[in-house]
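Please look at the sequence and the structure before reading on.

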Amino acid sequence: MDRMTKEAIRYLGYGNHAVDEQTLQLLLNSFQDLKGVAEPKSIYRIFQLEQMDDESFKIGEFEFQSHSLGRNLKGCDKIILFGATLGIGVDRLLRRVSLTDMAKAVVLQACAAAMLEEYCDKCQEELGKEMAQEGRYLRPRFSPGYGDFDIAYQKNLMGMLECSKKIGLTMTESYMMTPTKSVTAVIGASTRKEHCPIQGCEVCNKMDCEYRRGTR
């Protein structure tokens with residue numbers, strides 16, 4: 001079983017419990033359906049990071065405040081703004097299936113989330129190689145809504161990335177993204193190497209890490 005399937009099972013709430021054959025087959029079929037309609041796209045920009053104090057920093061012309069993100073970015077001198085989407089075809093599939101088969105729609109939602117995460121991980125691997133040429137190492141992705149990093153900052157990130165023009169990603173007044181299977185994030189880059197897995201804090205056992213996201 002590959003990592004993407006395991007991640008979808010986690011999203012479905014199975015934890016460490018094994019899934020039955022029927023559910024597993026439904027997962028595999030859902031991934032096939034998604035691969036037929038998904039059009040993954042991503043964009044990034046690299047900025048110098050100006051960190052004024054533990055929770056205040058500047059990226060380009062915008063100032064941000066977040067204690068939890070400040071912890072994550074400690075020691076970084078560059079920052080990558082990142083956006084990705086699976087495309088509108090995935091939304092159309094999810095809407096269509098939800099009208100006729102809610103059970104499959106739930107599985108599709110989990111599979112789409114896992115597919116997006118896998119795509120972002122691959123993008124970050126490539127970014128990591130690029131930054132390694134400068135002697136820098138990446139921290140895990142950190143998105144608006146994590147910890148006290150206000151979801152409202154989504155607007156700033158998407159504007160700085162020109163997401164609408166570059167990858168067709170827009171946002172509603174309530175900060176919901178369209179297409180829905182999309183993400184924006186910041187990724188710190190430091191000359192100091194830390195044990196920060198691409199998959200982020202969810203897969204790391206170091207609970208007392210000073211860079212851990214989602215804590216205040």
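## Overview

The model is predicted. The protein has 216 residues, and 48% of them count as buried. Its secondary structure consists of 7 helices and 8 strands.

Taking contacts between residues at least 6 apart in sequence, 72% of them join residues at least 24 apart.

## Helix α1 and its two partners

Helix α1 covers residues 3–11. Its residues Met4, Thr5, Glu7, Ala8 and Ile9 are buried. The cover over these buried residues of α1 includes α2 and α5. Following α1 comes Gly13, which has a positive phi near 90 degrees.

With α5, helix α1 packs at an angle of about 135 degrees, and the two axes are 8 Å apart. The pair α1 and α5 is therefore oblique, and the crossing is right-handed. On the α1 side the contact is made by Arg3, Met4, Glu7, Ala8 and Tyr11, and on the α5 side by Ala110, Cys111, Ala113, Ala114, Met115, Glu117, Glu118 and Asp121. By class, the residues in this contact of α1 with α5 are 8 nonpolar and 5 charged, with no polar ones.

With α2, the picture has its own numbers. The axes of α1 and α2 cross at roughly 115 degrees and come within 11 Å. These two helices, α1 and α2, are therefore roughly perpendicular to each other, and α1 passes α2 in a right-handed crossing. Here Met4, Thr5, Ala8 and Ile9 of α1 meet Leu24, Leu27, Leu28, Phe31 and Lys35 of α2. The contact of α1 with α2 contains 7 nonpolar residues, 1 polar and 1 charged.

## Helix α2 against helix α4

Helix α2 spans residues 21–37 and helix α4 spans residues 88–98; they pack at an angle of about 135 degrees with their axes 8 Å apart. This angle makes α2 oblique to α4. The crossing of α2 past α4 is right-handed.

Which residues of α2 and α4 meet? From α2 they are Asp33, Leu34 and Val37, and from α4 they are Gly89, Val90 and Leu93. Sorted by class, the contact of α2 with α4 holds 4 nonpolar residues, 1 polar and 1 charged.

In soluble globular proteins, nonpolar side chains tend to be buried together. In this model the largest nonpolar core has 34 residues, and the members that touch the most others are Leu34 and Phe82. Two or more residues of this core come from each of α1, α2, β4 (78–85), α4, α5 (102–132) and β8 (182–190). The element that gives the most to this core is α5, with 13 residues.

## Phe82 and Tyr44

Leaving out residues up to four places away in sequence, Phe82 touches Ser42, Ile43, Tyr44, Cys120, Cys123, Leu127, Arg141, Leu161, Val183, Thr184, Ala185 and Ile187.

Tyr44, one of the residues touched by Phe82, lies in strand β1, residues 41–53. Is Tyr44 buried, partly exposed or exposed? Its relative accessibility is 37%, so Tyr44 counts as partly exposed. Apart from neighbours within four places in sequence, Tyr44 is in contact with Ile80, Leu81, Phe82, Leu127, Glu130 and Leu161. Tyr44 and Cys123 are 79 residues apart in sequence, while their C-alpha atoms are 9.6 Å apart in space.

## Helix α6

The buried residues of α6 are Tyr153, Gln154, Asn156, Leu157, Met158, Met160 and Leu161. Just after α6, Glu162 has a positive phi of about 55 degrees.

Conventions. Residues numbered from 1 in each chain as written. Predicted model: local features only at pLDDT ≥ 70, side-chain atom pairs only at ≥ 80, totals over all residues. Heavy atoms only, no water. Axes fitted to C-alpha atoms, helices over the stretch in contact; angles between N-to-C directions. Helix = DSSP H or I, 4+ residues; strand = E, 2+ residues; numbered from the N terminus. Parallel < 35°, antiparallel > 145°, perpendicular 65-115°, else oblique. Left-handed = near helix turned anticlockwise from the far one by under 90°. Contact = heavy atoms within 4.5 Å. Nonpolar A, V, L, I, M, F, W, Y, C, P; charged D, E, K, R; others polar. Core = buried A, V, L, I, M, F, W, Y, C linked by side-chain atoms within 4.5 Å. Buried < 20%, exposed > 50% of the residue type's maximum accessible area, 1.4 Å probe, protein only.
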